[in-house]
Amino acid sequence: MSEIATESPPTAPESPPSPVRRRGPMWWVRGALWLALLVLLLVLPLYLEAQWLRAGQYMMVGAVGAIGLTLLTGQAGQLSLAHAFFLLAGGTSYTVLSGSTEGGTLVGFGLDPLLSLVGAVVITALLGLAFAPVAGRLRGIYLGVASLALVFLGLYFGQAAETLTGGTSTGRSPTPFSLFGFEFSNEGDLEILNVPFRQAERLWYLFLALTAIAFLLARGAVRSRVGRSWRAVRDNEPAAAVMGVSVPRAKAGAFAVSSAYAGLAGVMTVLWFDILKPDESEFGTYGINVSIAFLAMVIIGGLGSVPGALVGALVVNGLPQVLALYSTDLGWFTGTGEGTFTPVLISSFVYGAAIILVVLFEPGGLAAIGRRIAGRLSFTQRGKE
Amino acid sequence: MRRLIALTCASALVLAACGTKGGGSDESGEGAGGVTTGVGVTDSEITLGVMTDQTGPFKNLSTGITHGNELWVEDVNAAGGVCDRQVKLEIVDHGYKADTAKTLYPQMEPKVLGFVQLVGSPIMAALGGDLEADEMTTTPASWSSELLGNPYVMIVGTTYDVEMIDGLSYLQEEGMISDGDTVGHIYIDGEYGANGLRGARYYAEQHDLKLREVKITSSDNDLTNIVTGLKGQGVKAILLTTTPTQTGSAAAANKALGLNVPILGNNPTFDPLLHDSPAAGALDQLYVVASSVPFSADIPKAQEVAQKYKDANFTAPPNAGVPYGYAVAEVWGTVLEKACENGDLTRAGVHQALEETTSAETGDLVAALDFSQPGAPATREVYVAQPDASVEGGMKYVKQLFEAEDAKNYKAPHEGQ
């Protein structure tokens, strides 16, 4: 991990390192692009059908989780395979905090959904902090394996704690999210510009807001003193300590923050699926496959890069969904029987190939490519001046 | 900057005004033949959905079921269709991934009247709310009585818990177990296993059996140590609610350890491919209970379906999914005919027709079904079958359709709610 990270510094300075902060034309272009993206994302529900919105929401779930992992693995240099466990912890916390006590078989506190969401994030952060002593002692692949244990713990916990999770047999429905009385479900009739706003459209905006908050906070952390301390610890612990960075604190902080992100992604997962259903085996919604998918997102996106994590989530979580939707639309691969190619099969090939290609040809990930393009653009720009 | 914002906002508004996706138009209307129609039904076609697993862990059974569905569609269309309309299937693969299924569902939903097949318990759980909201009558390829809490779920056949009760009665009737015996139950944690266990627990309570429960996950493929443990506890029979691979392992261990007790399995525990596995020689103690017949069972209808399967040149080896898939589609045909008679082929109409269906006939492919009691299994009758490599489909049945006394008195979790 660290070789990759040191070869290509994950965070290039975003603004020119001149002491006087002048807003050049590039700053405006960049701002306009971000704004255009935001506007585009805001109007999409008016045009896209529910299935595309759902696919988009799933990408956002991935994005929030991936941002958390890229902070931990890319910025702070700790390999973690426990992301799926924190997803389950976050989802369960939300469901329990906001849920009602149905028939005495389930535990529920009936809290306000917003409070429950915040509570779930706090609980997962604390769980991450509890794991910090382990994370502080181990590094590299050893930490990866140790954190993997949490996924198995989660599998057992999901099955055993039926009063919290509802059990693998039936699962448990989460309370739909609501904000100041506005329900993010099919409740009530809401029409904007002749478009009926139902669950898919409403959740889109909720997820968009959560993703934007997650993104901005992560960018802020990376650019600030916190981010610098993480990178210092990642690159050289003694040197960081000499400079006055508390190594155990930085490591524990990174783990807690990353867990909180995963917890938020877990809440989003539960809201997206409309159900909290613990896995029946190691492979499922909260299984090893999910931990590995998150790792794939941050590697494809470029370790340590926050926008890269977004793009990684787009590829890993989005590709299978979009491929399946497109090919069904176009009537491709609709054969049945043995040995037929289906979109699901093809997307797993594409996803595997994407990882291999990135690792072989661009270890810095898509973020490195983006940076190169941006660098070239600003170079020509400067040449003109 | 402000100008920029204003400009983008303005352009967004213009865009929004000229071509949003607009309101849905799934209002029902009068169709051909004086029948009210809605989503998924036109004057010439009825479209039914199939969400199946063609690439994941359950692709063998799912492919069989899909082919069974397809065979029926061919037959019914050759005979003039249902309600003067041709039946069409809309088939998608979700690879047993709940997330893929969750996104594919809204794409399928506006096209289909109902789901004639929906594979996978995680998928069923993720879509349960959607199905209820859209009034979508659905046949899951799962036989858990927990699913009957959703009124739009139509389970063709009996449920895992009832299968277990019937199967245990059979073992007792044949003198293989008696009251007070110790019996081991190996089950996969989850919807499938928990439901089978529910039945075993009920029977154990009625007959003072000492039930030794062993929970495993679907990926534990070596059950030798578990069977060894059960041997130490002196079990008289082993009950399985597992995958076929696990069945093979348990059967092999049963033989190798010299335990040699009868093994009773729910219907998904057997796959004809087991006859080609190393456990092939150890299957003689296995009894499988199911409410649908094995492929090429010795009844005219099953033979007919088997023949059609051969004629259709499908490449996949046949399994019990084929007659089941055919039977499910046939039950759907009965329900649709009923809805047609009622003059209402909308989703609500189909649901009503389902509740009015008290004896759906499938030529004994599945026991006669009664859907009039919400929450209760549509039948409590089962066949008992044993593996036999010499027949096509790998299974011959040893007991015809029957319903045990204990199964009759058993109350399913959502019954009478």
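Tutor: Let us start with helix packing, for which we need one definition: axes are lines fitted to C-alpha atoms, for helices over the stretch in contact, and angles run from 0 to 180 degrees between N-to-C directions. Please keep in mind throughout that this is a predicted model.

Student: At what angle do helix α3 and helix α12 of chain A pack, and how far apart are their axes?

Tutor: Two packed helices are described by the angle between their axes and the distance between the axes. Here helix α3 (residues 50-75) of chain A meets helix α12 (residues 247-273) of chain A at about 170 degrees, and the two axes are 8 Å apart. Since angles over 145 degrees count as roughly antiparallel, α3(A) is roughly antiparallel to α12(A).

Student: Which residues make that contact?

Tutor: On the α3(A) side they include Y58(A), V61(A), G65(A), L69(A) and L72(A), and on the α12(A) side they include F255(A), Y261(A), A265(A), M268(A) and W272(A). An α-helix has 3.6 residues a turn, so residues three or four places apart point the same way. By class, the contact of α3(A) with α12(A) has 16 nonpolar and 6 polar residues, with no charged residues.

Student: In chain B, how do the axes of α5 and α6 cross?

Tutor: The axes of helix α5 (residues 160-173) of chain B and α6(B) come within 7 Å and cross at roughly 40 degrees, and the two helices are therefore oblique to each other. The crossing is right-handed. Among the residues that meet there are Y160(B), I165(B) and L168(B) in α5(B), together with Y192(B), R198(B) and Y203(B) in α6(B). The contact of α5(B) with α6(B) divides into 9 nonpolar, 3 polar and 3 charged residues.

Student: Let me step back to the level of whole chains. What is the secondary structure of chain A?

Tutor: Chain A comes to 16 helices and 4 strands, and buried residues make up 49% of its 385 residues. For the contacts, one asks how far apart in sequence the partners are: among contacts in chain A between residues at least 6 apart in sequence, 77% join residues at least 24 apart.

Student: What does the domain assignment give for chain B?

Tutor: The assignment gives domain 1 of chain B as 7-158 + 298-355 and domain 2 as 160-290 + 382-409, with 32 Å between the C-alpha centres of the two domains. Where they touch, 14 residues of domain 1 of chain B are in contact with 17 residues of domain 2 of chain B, and the domain 1 side of that contact consists of 6 nonpolar, 7 polar and 1 charged residues.

Student: How many residues does each chain give to the contact between chain B and chain A?

Tutor: Chain B gives 50 residues and chain A gives 47 residues. On the side of chain B, the elements that each supply at least two residues include α1 (2-19), α2 (59-78), β4 (86-93) and α4 (121-133), while the largest share, 8 residues, comes from α3(B). By class, that side of chain B has 18 nonpolar, 23 polar and 9 charged residues.

Student: How many of the residues of α3(B) are buried?

Tutor: 10 of the 11 residues of α3(B) are buried, so it is largely enclosed by the rest of the structure. Among the buried residues are D99(B) and K102(B), as well as A101(B), L104(B) and Y105(B).

Student: Finally, what is the phi of D274(A) and of C83(B)?

Tutor: D274(A) has a positive phi of about 65 degrees although it is not a glycine, and C83(B), also a residue other than glycine, has a positive phi near 55 degrees. D274(A) lies in the loop between α12 and α13 (288-301) of chain A and counts as buried, with 21 C-beta neighbours inside 10 Å. C83(B) is found in the loop between α2 and β4 of chain B, and C83(B) is buried, with 21 other C-beta atoms within 10 Å.

Conventions: Residues are numbered from 1 along each chain as its sequence is written. Chains are lettered from A and ligands numbered from 1 in the order in which they are written. This is a predicted model: local features need pLDDT of at least 70, side-chain atom pairs count only at pLDDT 80 or more; totals for chains, interfaces and linings use all residues. Domain bounds come from an automatic or database domain assignment. Two residues are in contact if their C-beta atoms, placed from the backbone, lie within 7 Å. Ala, Val, Leu, Ile, Met, Phe, Trp, Tyr, Cys and Pro count as nonpolar, Asp, Glu, Lys and Arg as charged, and the others, Gly among them, as polar. Angles under 35 degrees count as roughly parallel, over 145 as roughly antiparallel, 65 to 115 as roughly perpendicular and the rest as oblique. A crossing is left-handed if the near helix is turned anticlockwise from the far one by less than a right angle, and right-handed if clockwise. A residue is buried if 20 or more other C-beta atoms lie within 10 Å of its own, exposed if 12 or fewer, and partly exposed in between; C-beta atoms are placed from the backbone.
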